[in-house]
Amino acid sequence: MTVILILAAVVFAAALASAVVCSFSLKVTEYSVGTGKLKNEIKAVCISDLHGKKYGKNNTRLISVISEQRPDVILLCGDMVSRRASEKDIAGFVSLLGGLLKLAPVYYSAGNHEVDYMSRQGSTALLRRISDTGAVVLYDSFAEAETAGGTLRIGGAAGHYRDSGADTEPDYAMLEEIGSAGVASVVMMHLPENLVTDGNRSRWSADLFIAGHTHGGIWRIPFAGGVIAPTQGLFPKYDAGRFSVDGRQELIISSGLSGYRPLIPRIFNRPEVCVIRLK
């Protein structure tokens, strides 16, 4: 019994220390994805699930980490603010966009929290405020970025939960068109489940899908993976990292930047800035 109590105390102390570290310490995770459609490499930095959290005053530490990566484009993959965001939260996000736009073009796709926020407000004013900063808003749509590496199509599938899997979903037209031109293409799809559970995905030909939403499983068991994800539940298969869906679609899931709800911290799961090198 004494040994068990000692082990429990050690685990608790380690978890508590990790929760403290994960409240402020950012990590950078790098991926390399080949497309065969670019003249030179394009470096994309992707962040997700900030939920209004700040890393330093006015997010200066987050901006600094992203600046060090020297990105060609910056991708924001949803839930940058929460569904009950205050005006102060929205203003903080707009300020962050201003800082990021000094580094590289910014492309934003809404997550389920922004979709819920706009539903509560009865207005899409949030998207206008984001667009007014100079960031490109991708709401079930795509845009073409001209970079030194070549043309890159960037799409955003907003954070709608699938209703039926029928051909009436609002992002289907974008998902089918974005990979049709023979140029490199990336889709930000906030909810990874909307890719991995949809039988229509065989028609989606983007070179890469990028998701968030999972918070990396919130608590991670070393060498085992995430404990819980908002949609997948306990011990999610698609928690964080790189996956191949059907051996055809490349999927990268960012573990995001915040905990889950006000009182649930990240444990053994440092907040993440993703660097994706498109070859």
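View 1. Strand β2 (residues 42-47) is paired with strand β16 (residues 272-278) through five bridges in the antiparallel sense; strands are DSSP runs of E with at least two residues, numbered from the N terminus, and two strands pair if DSSP finds at least two bridges between them. K43 has R277 of β16 as its bridge partner. The open sheet contains six strands in the order β1-β16-β2-β3-β4-β5, and its pairing is mixed. β1 (27-33) and β5 (136-137) each have a single partner strand and stand at the edges, so one side of each lacks a neighbour in the sheet. The model is predicted: local features need pLDDT of at least 70 and side-chain atom pairs pLDDT 80 or more, while totals for chains, interfaces and linings use all residues. Residues are numbered from 1 along each chain as its sequence is written, and side-chain values use heavy atoms, with hydrogens and water left out.

**View 2. The hairpin of β14 and β15.** Strands β14 (residues 241-245) and β15 (residues 249-253) run antiparallel and are joined by five bridges. G241 lies opposite I253 of β15. Three residues separate the strands of this hairpin, and D246 takes a positive phi near 60°.

**View 3. Packing of helices α2 and α3.** Helix α2 (residues 60-68) packs on helix α3 (residues 87-101) at an angle of about 25°, and their axes are 10 Å apart. Helices are DSSP runs of H or I with at least four residues; axes are lines fitted to C-alpha atoms over the stretch in contact, and angles run from 0 to 180 degrees between N-to-C directions. α2 and α3 are therefore roughly parallel, a term for angles under 35 degrees.

**View 4. The largest pocket.** This pocket has a volume of about 610 Å³. It is lined by 26 residues, of which H51, G259, Y260, R261 and P262 are the closest to its centre. A pocket is an open set of points on a 1 Å grid over the protein atoms alone, with protein on both sides within 12 Å along at least five of seven lines, and lining residues have an atom within 4 Å of a point. The volume is the space filled by probe spheres set on the points.

**View 5. The largest cavity.** The structure holds one cavity of 30 Å³ or more; a cavity is a set of grid points where a 1.4 Å probe fits but cannot get out. The largest cavity has a volume of about 50 Å³. Its lining includes L50, K53, M80, D89 and F93.

Notes
Angles under 35 degrees count as roughly parallel, over 145 as roughly antiparallel, 65 to 115 as roughly perpendicular and the rest as oblique.
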